[in-house]
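The following exercises are to be worked with the sequence and the coordinates side by side.

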Amino acid sequence: MTEAILFELGDDGILLATLDLPGRPMNVLNAITGAAIEAMVLRVEADPAVKGLVLSSGKKDFLAGADLEGIRDIATAQQAFDLSMVLKRQLRRLEKSGKPAVAVINGMCFGGGLELTLACHHRIAVHGARLGTPEVKLGLLPGGGGTQRLPRLVGMQTAMPLLCEGSEVKADKALAIGLVHALAPDREAAIEQARAWCLGNTKAQQPWDAPKFRYPGGDSRSPAVVQMLAIAPAMAAAKSWNNYPAITHIMSCVFEGGLVDFDAALLIESRYFAACVVSPESRNMLNTLWFQLNAIKKGASRPKDIPPSKVGKLGILGAGMMGAGIAYVSAKVGIDVVLLDTTQDAADKGRAYSQDLLDKALNKGRGTAAQRDALLARITPTTDYAALAGCDLVIEAVFEDRAVKAGVTQQAESQIGVGAVFASNTSTLPISGLAQASIRPANFIGLHFFSPVDKMPLVEIIVGKETSDETLARGFDYVMQIAKTPIVVNDSRGFYTSRVFGTYVMEGLAMLAEGVHPRSIEVAGLQAGMPMPPLALQDEVSLSLGLHVADQTRKDLAAEGKPYAEHPGMAVVRQLCAIGRIGKKAGKGFYDWPAVGEKGEKRLWSGLAEMFPVAAQQPAQRELIDRLMFAQANEAARCYGEGVLRSVADANVGSIFGWGFAPFQGGALQFINAMGAQAFVARARELAARHGARFEPAPAVVALAERGGRFGD
Ligand code: NAD
């Protein structure tokens with residue numbers, strides 16, 4: 001099992017070890033690589049002909065990290081501890097072999113990959129290399145010595161944010177902070193440098209094995225570090241509300257590891273690693289942000305047997321906020337864009353949005369003027385529908401008005417080929433209804449983008465009654481082409497994301513009406529792990545828009561002869577709108593907002609206390625948090641039961657990427673899976689008894705509770 005590393009011993013005694021995991025596009029740390037590393041270490045130790053080691057990768061990246069399937073399969077803390085100690089012992093032997101070891105780092109070098117290179121005595125980064133320890137993003141920590149070697153190498157103050165935030169550093173930054181020792185233009189040059197280093201440093205030793213080793217910048221006892229470590233946990237908690245135990249565990253590893261010798265420190269790290277692996281937070285995040293996300297990206301929700309497609313020319317109708325953003329992300333990946341609006345001025349403004357983004361990036365040193373100009377040249381602003389000829393896809397992003405949308409659909413369809421796909425970016429209007437304006441409803445689909453388009457990673461694809469599989473596959477391919485994540489849902493009012501997201505905000509507003517202190521509501525949202533609290537969010541979205549959508553829904557349901565039951569939170573929206581407090585855009589809603597261009601913080605409006613007197617008896621925060629989270633999870637379960645959602649992965653990934661559902665919970669349906677359907681049903685019934693029928697558990701969860709199943713079984 002040594003084929004993951006190819007060995008070549010030079011006449012100079014330098015062993016060239018090339019990591020090249022067979023049958024995989026990327027090197028990862030798994031059982032096969034582990035065995036190969038063991039063989040490599042043995043050879044370095046035992047073969048007298050070997051005078052030094054140069055470790056590089058035969059692939060375009062060095063090593064992407066540990067194979068997460070191996071981590072998912074760990075059942076107990078002891079297993080996690082043992083697993084991390086196996087690799088660690090080998091790495092320790094490598095750095096203590098007395099022979100020089102040099103790592104040549106190309107492309108991505110993350111997690112276990114970086115830890116492997118940290119056990120080498122010298123590191124040379126090839127131009128374009130990216131280094132980091134992203135484990136924390138999945139609720140884990142570097143368990144191969146990373147939390148010990150990194151701080152001993154670059155200092156605790158520099159290591160801490162790298163470990164706790166999981167951000168990556170490019171080759172030149174890595175050199176500047178002392179993470180690597182040298183740079184090289186390409187792999188061959190780096191290998192030559194590495195070989196020379198080995199020959200010139202025949203008795204290599206790690207700094208931390210030198211008798212007089214001192215941490216750069218001080219160890220856990222030095223005043224500067226103690227000061228940093230005293231406030232770091234509080235600062236992290238202020239950001240994460242203690243929902244991410246891996247962050248605290250990493251800080252503990254760094255601090256405690258700095259009080260003991262290196263080998264004891266490695267044991268400490270493995271104990272915290274084990275705690276992370278068995279934590280529900282990391283299980284949730286691995287499930288959704290790794291396995292389910294990868295399944296989606298591999299096309300789990302895409303109809304099979306339809307050949308892959310690419311958009312060469314895209315038409316966008318409406319060059320407003322959304323149209324301009326869609327134009328930018330599409331031109332960025334090389335698509336030719338026709339950006340159409342009612343006036344040339346409006347269309348030009350839409351294109352100027354891209355110019356603005358690109359100029360800002362350029363000022364920050366990202367991209368070149370030539371790249372900017374090439375991207376802008378791909379966007380053609382116009383008022384002329386004839387320019388749409390030859391488009392593979394047209395996306396409308398005009399006003400949220402059925403008649404306006406119907407008009408532009410017909411005008412566009414008169415110009416585009418019969419095979420072209422027509423998509424609507426509506427946020428609220430059912431797709432099947434909009435498709436009635438189309439002469440080719442099978443080619444009609446919903447592509448729901450989120451604002452701001454250049455930042456938000458998700459696109460919700462909505463399948464109308466008549467949308468064909470081919471149209472869905474082509475919509476899916478386009479979303480992948482622009483490097484966004486697609487989820488696929490069936491048509492329904494509010495689709496999936498807007499419908500469930502709305503329950504979060506509305507629950508917060510209902511609490512206000514009941515006399516819950518507004519500050520408690522806002523804090524509960526943050527404690528629950530949501531990126532923004534409910535009242536602030538409603539201000540951002542605008543209360544008037546919320547009112548407009550509610551009134552439209554009421555009218556539509558009346559026309560369909562269906563009952564309309566208003567959420568108690570809507571009464572609060574109506575009361576504020578009635579006095580002109582319509583949200584951030586007006587400078588006043590639940591908050592008083594600083595004027596545009598003015599500095600200062602938003603402040604809760606003092607008049608709220610009169611309008612919604614605070615009750616003498618305040619509920620526990622836990623009750624508020626549960627209401628906010630159960631409202632969302634229950635609505636997601638309803639969407640699943642009604643067939644609006646087509647997969648559990650779409651539900652979970654869509655909730656985190658679409659509206660920021662607490663990532664540590666693993667998404668709206670994982671929230672129920674992790675808790676267990678029976679526990680969810682029991683708590684939901686308690687909430688229903690106290691706060692209203694909207695908390696009655698969705699039939700889909702009740703069914704799961706009865707048969708003891710989970711979503712996705
Ligand atoms: P916007 O008002 O910023 O832009 C709409 C643009 O459409 C304007 O430039 C307008 O001149 C143009 N337009 C109107 N009638 C037209 C016509 N007949 N022909 C060509 N152009 C016309 O609106 P927006 O926020 O970009 O929203 C556009 C669509 O996207 C709406 O359906 C909205 O519901 C949806 N949407 C918005 C968001 C959001 O956060 N703003 C998110 C998702 C979806």
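The exercises below treat strands, backbone geometry, aromatic contacts and the surface in turn.

The model is predicted, so local features need pLDDT of at least 70 and side-chain atom pairs count only at pLDDT 80 or more, while totals for chains, interfaces and linings use all residues. Residues are numbered from 1 along each chain as its sequence is written, and side-chain values use heavy atoms, with hydrogens and water left out.

**Exercise 1. Strands β4 and β6**

Task: Determine which strands are joined to β4 by bridges, and state how the side chains of β4 are placed.

Solution. 
Step 1. Helices (H or I, at least four residues) and strands (E, at least two) are DSSP runs, numbered from the N terminus. Two strands pair if DSSP finds at least two bridges between them.
Step 2. Strand β3 (residues 52-57) runs parallel to β4, and 3 bridges join them. Within this pairing, Leu53 stands opposite Ala101 of β4.
Step 3. Strand β4 (residues 101-105) is also parallel to β6, through 4 bridges. Val102 has His122 of β6 as its bridge partner, and Ile105 has Ala125.
Step 4. In a regular strand the side chains alternate between the two faces of the sheet. In β4, Ala101, Ala103 and Ile105 point one way, whereas Val102 and Val104 point the other way. Buried means under 20% relative accessible area, exposed over 50%, and partly exposed in between (1.4 Å probe, protein chains only). On that scale, 5 of the 5 residues of β4 are buried.

Task: Continue from β6 (residues 122-126) and find the strand that Ala125 contacts through a bridge to Leu183.

Solution. 
Step 1. Leu183 belongs to β9 and is the bridge partner of Ala125.
Step 2. Strand β9 (residues 182-184) runs parallel to β6, with 3 bridges between them.
Step 3. His122, Ile124 and Val126 point one way from β6, and Arg123 and Ala125 the other way; all are buried.

**Exercise 2. Backbone geometry**

Solution. 

Task: Are Asn242 and Ala483 buried or exposed?

Solution. 
Step 1. Asn242 is not a glycine, yet its phi is positive, at about 55 degrees. The residue occupies the loop between α9 (223-240) and α10 (245-257).
Step 2. Ala483 likewise is other than glycine and has a positive phi, near 65 degrees. Its loop lies between α18 (469-481) and β17 (485-490).
Step 3. Asn242 is exposed, at a relative accessible area of 57%, and Ala483 is exposed, at 66%.

**Exercise 3. Aromatic pairs**

Task: Classify the pair Tyr244 and Phe664 and the pair Phe630 and Phe680.

Solution. 
Step 1. Rings of Phe, Tyr and Trp (its six-membered ring) pair if their centres lie within 6.5 Å; planes under 30 degrees apart count as stacked, over 60 as edge-to-face and the rest as tilted. The count by this rule is 11 aromatic pairs.
Step 2. Tyr244 is in the loop between α9 and α10 and Phe664 in the loop between α26 (648-659) and α27 (668-675), so the pair ties together parts that are 420 residues apart in sequence. Phe664 counts as buried, at 9% relative accessibility.
Step 3. Phe630 and Phe680 are stacked, at 4.5 Å centre to centre and 10 degrees between the planes. Phe630 lies in helix α25 (residues 621-641) and Phe680 in helix α28 (residues 677-691), so this pair ties together parts 50 residues apart in sequence. Phe630 is buried at a relative accessible area of 2%, and Phe680 is buried at 0%.
Step 4. Phe630 and Phe680 belong with Phe661 and Phe671 to one aromatic cluster.

**Exercise 4. Charges over rings**

Task: Which rings lie under Arg72 and Lys602?

Solution. 
Step 1. A charge sits over a ring if NZ of Lys or CZ of Arg is within 6 Å of the ring centre and within 35 degrees of the ring normal.
Step 2. Arg72 lies over the face of Phe291, 3.9 Å from the ring centre. The charged end of Lys602 sits over the ring of Tyr591, at 5.2 Å from its centre.
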